[in-house]
Amino acid sequence: MKIVVIGGTGLIGSKLVGKLREHGHEAVPAAPNTGVDTLTGEGLDEVLAGADVVVDVSNSPSFADDPVMEFFRTSTTNLLAAEAKAGVGHHVALSVVGTDRLGDSGYFRAKQVQEKLIEDAGRPYSIVHATQFFEFVGSLADEATHGDTVRLSDALIQPMASEDVASAVARVAVGAPVNGMVEIGGPEPLGLDELIRTALTYRGDPRTVVTDPEALYWGVRLEKDTLLPGEGAQLAATRFEDWLPLNGVR
């Protein structure tokens, strides 16, 4: 199959392109640095010609409320229109576990809009909800840092390796459209505070992690299970404690 990967030069996209090619598919990375811009529509008609599947793993360059909303609304609208014109048979989008529970965040409100546009387009689709990636625990720590203290909720999170995310998205991309949502996650739930404490200790970071149930996660107050996948989620095998020595923390 010809599978176009929007955001195909990023963390997940580049891994996804490699995995699809290993299995004999024509995987085409599409991003501004390859001449494809979903915000303006530049290059979309050309790259989608003859495509069987489009996988959107792109992300907004800005997480501020207005720009992120503009990105997901405009890029998704342009992409779906170009897919309809090209006769693409399956739209796959990568989203986030708990998106429907994180509406106090402008980023997740924008993801909700993206998902609604896909659902309402009347075309075959699959939306993959993934938990947080191991690779971003450093960013989570920095976001919650005040001075030498990292203040975090003890809500549970079930993070996963980006390699496992790419594998799961690849399986969905080559399968039949589910016209719904598939959840994926890591093998075990961990306290958000525990996860970051483990990461910082491993890399010798002197910051102190303080557990605060009221601490916000990207502007959202978390319940204990807000970030957890539901029953029936596809769980990857890679554990954080096994991944950490091989990859470190960004």
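Buried means under 20% relative accessible area, exposed means over 50%, and partly exposed covers what lies in between. With that in hand, let's look at the salt bridges of this predicted model.

Arg-221 has a relative accessible area of 38%, so the residue counts as partly exposed. Its side chain meets that of Glu-214 in a salt bridge, 2.8 Å from N to O. Glu-214 is partly exposed as well, at 48% relative accessibility. Shared partners also turn up here: salt bridges tie Asp-142, Arg-203, Asp-205 and Arg-207 into one network.

How many salt bridges does the structure hold? The count comes to 15. Here are some of them, with their N to O distances.

| Salt bridge | N to O distance |
|---|---|
| Glu-163 and Lys-19 | 2.8 Å |
| Arg-101 and Asp-100 | 3.9 Å |
| Arg-221 and Glu-214 | 2.8 Å |

Take Glu-163 and Lys-19, whose closest N and O atoms sit 2.8 Å apart. This pair links distant parts of the chain, with Glu-163 in helix 6 (residues 162-174) and Lys-19 in helix 1 (residues 11-22), 144 residues apart. Is Lys-19 buried or exposed? Lys-19 is buried, because its relative accessible area of 16% falls under the 20% cut-off. Glu-163, on the other hand, is partly exposed at 37%.

Then there's Arg-101, which pairs with Asp-100 at 3.9 Å, N to O. Asp-100 has 58% relative accessibility and therefore counts as exposed, since the cut-off is over 50%. Arg-101 is partly exposed, with a relative accessible area of 38%.

Key:
Residues numbered from 1 in each chain as written. Predicted model: local features only at pLDDT ≥ 70, side-chain atom pairs only at ≥ 80, totals over all residues. Heavy atoms only, no water. Salt bridge = Lys/Arg side-chain N within 4 Å of Asp/Glu carboxyl O. Helix = DSSP H or I, 4+ residues; strand = E, 2+ residues; numbered from the N terminus. Buried < 20%, exposed > 50% of the residue type's maximum accessible area, 1.4 Å probe, protein only.
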